[in-house]
Amino acid sequence: MTDEEICIVGGGIAGAGAAYALDDADVTVYEMDTVGGRMASRRREGCIFDFGANYLELGDSDLEAVIEDAAGDVAVEIESPVEQFTAGGEIRSGEVPQNTRWTTPDGLDGIVRALFENSGADLQVGVGVTRLERREDDWLVTTDEGERAFDAVVLAVPGASASVLFETAVWDNPVRDDLVRAVEDIPYRTMDTVALGYPFEIETDFFGLVSEEDVYDVAWVSNEGHKPGHVPEGRGVLIVQFGPSWAVTHPQTSPAAASEAATNRVVELLDDDRLGEPAWWEYQRWGDAIPTHGPDESLREATLEDDLALAGDWVEGIGRTRAALRSGLRAGRTLRQSEAD
């Protein structure tokens with residue numbers, strides 16, 4: 001497959017998985033924003049924190065082998081446990097399976113970058129794809145920088161971005177309209193995230209706290225200090241992720257209000273009044289964070305007839321980083337096999 005020129009649209013974990021699977025092809029990746037997608041890490045005042053997805057949990061021998069091969073030199077295990085808390089704020093030990101959870105000393109997006117580097121793909125960051133055109137034997141891909149023909153395309157962008165590209169595509173195939181409708185019908189749960197920075201270390205026995213299902217407005221709290229290399233000595237960073245019900249009941253919340261609510265929760269949960277006065281905070285609303293189901297598998301298979309593969313957690317219908325990685329690997333492997341046949 002070395003003569004094939006493949007375009008991957010999207011620089012998240014799905015696109016990285018596809019690039020890894022296509023390491024014997026001539027692959028170009030276009031990412032309009034930052035590498036990592038929702039796995040992107042942020043940096044502030046010497047601290048690194050994973051602000052969307054908070055870690056990578058695999059639980060799959062195939063995925064573990066890929067990460068070991070491509071990112072084994074940079075991936076580190078978060079050794080401290082995850083515990084559960086109740087609606088009343090009681091922390092319960094031993095309720096959460098202690099699977100291996102990964103990040104890197106330079107942030108969770110370091111795993112995505114390692115996959116791309118291992119693949120040998122040409123990663124073009126800051127270049128957005130604006131139109132796809134299916135021609136007789138190839139795809140004409142229009143970007144911010146011009147046009148280029150590719151033998152095949154892997155579309156590994158979020159569902160909303162995929163829908164726009166489907167709508168504007170020059171593509172004489174009935175599946176195009178079916179995909180537009182299918183993507184628009186995918187329901188999502190919104191997730192609000194707040195990072196809280198402190199001028200002192202935060203001591204906890206656990207890395208993370210997860211709420212009992214549907215019983216609390218805050219769904220997740222993590223102490224980034226348990227991640228090797230993330231937080232300098234003498235400082236602390238907590239990540240607070242609200243559950244889906246928070247976004248429903250607070251559709252117009254302000255960043256300051258969300259930060260205040262997050263601060264109040266960590267004071268209560270960790271029983272530490274010092275946490276009521278963070279030195280800084282950051283807020284993000286992830287509007288299409290968690291898909292609850294994906295398009296029919298027949299649509300995904302139909303696009304392959306025109307050398308177009310789909311990848312992403314929305315394709316899997318599961319809002320998990322491992323699902324996005326799995327779909328990217330499958331997309332790349334499927335194209336590889338189809339060309340071999």
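Which residues does T303 touch, not counting residues up to four places away in sequence? Before selecting them, note that this is a predicted model, in which local features need pLDDT of at least 70 and side-chain atom pairs count only at pLDDT 80 or more, while totals for chains, interfaces and linings use all residues. Residues are numbered from 1 along each chain as its sequence is written, and side-chain values use heavy atoms, with hydrogens and water left out.

Start with the whole protein chain, where there are 10 helices and 20 strands, these being DSSP runs numbered from the N terminus, with helices (H or I) of at least four residues and strands (E) of at least two. Along the principal axes, the C-alpha atoms fill a box of roughly 65 × 40 × 35 Å. Of the 341 residues in the protein chain, 55% are buried, a word that stands for under 20% relative accessible area, with exposed meaning over 50% and partly exposed in between (1.4 Å probe, protein chains only).

Next, select residues 297-303, which form helix 8, and find T303 in this helix. T303 counts as buried because its relative accessibility is 0%. Now show the side chain of T303 together with R300, whose backbone oxygen lies 2.9 Å from a polar atom of that side chain.

Finally, select W171, V175 and L179, and then L308, A309 and L310: T303 touches each of these residues, once those up to four places away in sequence are set aside, where contact means heavy atoms within 4.5 Å. Returning to the whole protein chain, among contacts with a separation of 6 or more, 71% are between residues 24 or more positions apart.

How values were computed. Polar contact = N/O pair within 3.5 Å; in protein donor to acceptor, adjacent residues only side chain to side chain.
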